[in-house]
Amino acid sequence: MKEFVNAISTPLASIFGSGFLVIVPILAGTVGSFSVVAMIGVCFLAFMVGEVIRFNIIHVEPILKSTPKKSIRLIEKASDFALILAYIISVCLYLHILSAFVLTGLNIDTGFNEDILTTAIIIVITTIGVLKGLEPLEVLEKWALIITMLIIGLLCAAFADFDFTLWQQNTSFVTPKVLDYSNWQVLTILAGTLIVVQGFETSRYLGNAYNTALRVKTSRWSQYISTCVYICFVSLTLPTVHLLNGQYNDHSLIDLVASVSLIFVTPLILVATLSQFSAAVADMLAAAGNISEVSQNKFTEKQGYLIVGVGAIILTWTVNTFEVLALASRSFACYYLLQCFVAFSVSNSLIHKLFLIMLSITLGFITVFAVPVG
């Protein structure tokens, strides 16, 4: 059981660090009262992608360890590059969200201040990585996950109590204000939310620590758990979203929590700080490791930290939180698309290949057309 908990903590922490804090305002502003349906759709798509990753853990990894065909090796190499880029973007995303929540709590949140704080945190993490390595900071992951799950549970209880009170008072459900989008814009914005449920693929890269069966099992269960939590959370918060009056931003969840119970605002900011910081550290570790591996050790992990840090800082001053979220979705969709190609090349089932073709078309659409809200 202990090994199971250790193995599931990495994908689960990554999933909840990927955009849990911003998904409610994004869905509300895009599809309004259909937010729960949209969340179910996003989680379903992610689960289908997860099945591809798990197929590759079982069937592709043994081939890669032997003598794979040149095509498989090239596609796998390309997916490694795509994953490195996705991790760099994710580091920027996580720390942008962290900055937005912390600065809102201090009542000094502006775009410039977010960029300054995000840059400062990236510099600190990069400096620690270059001088001492980031491995000692990995201990934050498990504690951040425990605290995050606890506070998410408390927030769900608070929203449930608020909703129950409205029901007792026979208060009618008020539809959240939907921003003025065309059907095409709605589709492309929803495509940009894939990053929110990203993280299950990390199990693929834990082969040095856990066996195949355990990685497959924990990857799947991380999606079961996160899907239930996401759908419940979006469902419970939806009756309060109209209180935002159509003003949606990257820290709108703070306003929603404050409307339910002020005592939960500080814990929410604590969750944002811990979860986003630990997720950023984890992705910087993974990216630096991949850079070293893909370059065949021409770059050390410490040099990898510097590359990731510089890339994340450039992004910080180029795009806002919602833009980087869509960009992250596109980069991860590209990685998942390449993983579908790898799976297709080794699959012997016609039905499975048809499934991979349809999924590849969807991921190709996200890679090309995903856009930010607003």
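At roughly what angle do the axes of helix α11 and helix α12 cross? In this predicted model, the axes of α11 (residues 265-294) and α12 (residues 301-316) come within 8 Å and cross at roughly 120°. The two helices are therefore oblique to each other, and their crossing is right-handed. On the α11 side the meeting residues are Met-284, Leu-285, Ala-287, Ala-288, Gly-289, Ile-291 and Ser-292, and they meet Glu-301, Gly-304, Tyr-305, Ile-307, Val-308 and Gly-309 of α12. Sorted by class, this contact of α11 with α12 holds eight nonpolar, four polar and one charged residues.

The crossing of α5 and α6 is right-handed. Among the residues that make the contact are Cys-92, Leu-95 and His-96 of α5, together with Leu-117, Thr-118 and Ile-121 of α6. The residues of this contact of α5 with α6 divide into ten nonpolar, four polar and two charged.

The arrangement of α3 and α9 (residues 212-237) is described by an angle of about 175°, with the axes 10 Å apart. That makes α3 roughly antiparallel to α9. The residues in contact include Ser-35, Met-39, Phe-47, Arg-54 and Ile-58 of α3, and Thr-212, Arg-215, Tyr-224, Tyr-230 and Ser-235 of α9. By class, the contact of α3 with α9 has 13 nonpolar, seven polar and four charged residues.

| Helix pair | Angle between axes | Axis distance |
|---|---|---|
| α11 and α12 | roughly 120° | within 8 Å |
| α3 and α9 | about 175° | 10 Å |

Since 18 of the 25 residues of α3 are buried, α3 is largely enclosed by the rest of the structure.

Burial can be followed in other helices as well. In helix α8 (residues 183-191), the residues Val-186, Thr-188, Ile-189 and Ala-191 are buried, and the buried residues of α8 pack against α2 (23-31), α13 and α14 (350-369). Helix α13 (residues 321-346) is also the place of Ser-331. Ser-331 counts as buried because its relative accessibility is 7%, and, leaving aside residues up to four places away in sequence, Ser-331 touches Ala-82, Ala-86 and Ile-89.

Most residues other than glycine have a negative phi. Asn-107, however, which lies in the loop between α5 (70-105) and α6 (111-132), has a positive phi of about 60° although it is not a glycine. Is Asn-107 buried or exposed? With a relative accessibility of 70%, Asn-107 counts as exposed.

Asn-245, found in the loop between α9 and α10 (252-260), has a phi near 55°, which is a positive value in a residue other than glycine. Asn-245 is exposed, with a relative accessible area of 56%.

Conventions. Residues numbered from 1 in each chain as written. Predicted model: local features only at pLDDT ≥ 70, side-chain atom pairs only at ≥ 80, totals over all residues. Heavy atoms only, no water. Axes fitted to C-alpha atoms, helices over the stretch in contact; angles between N-to-C directions. Helix = DSSP H or I, 4+ residues; strand = E, 2+ residues; numbered from the N terminus. Parallel < 35°, antiparallel > 145°, perpendicular 65-115°, else oblique. Left-handed = near helix turned anticlockwise from the far one by under 90°. Contact = heavy atoms within 4.5 Å. Nonpolar A, V, L, I, M, F, W, Y, C, P; charged D, E, K, R; others polar. Buried < 20%, exposed > 50% of the residue type's maximum accessible area, 1.4 Å probe, protein only.
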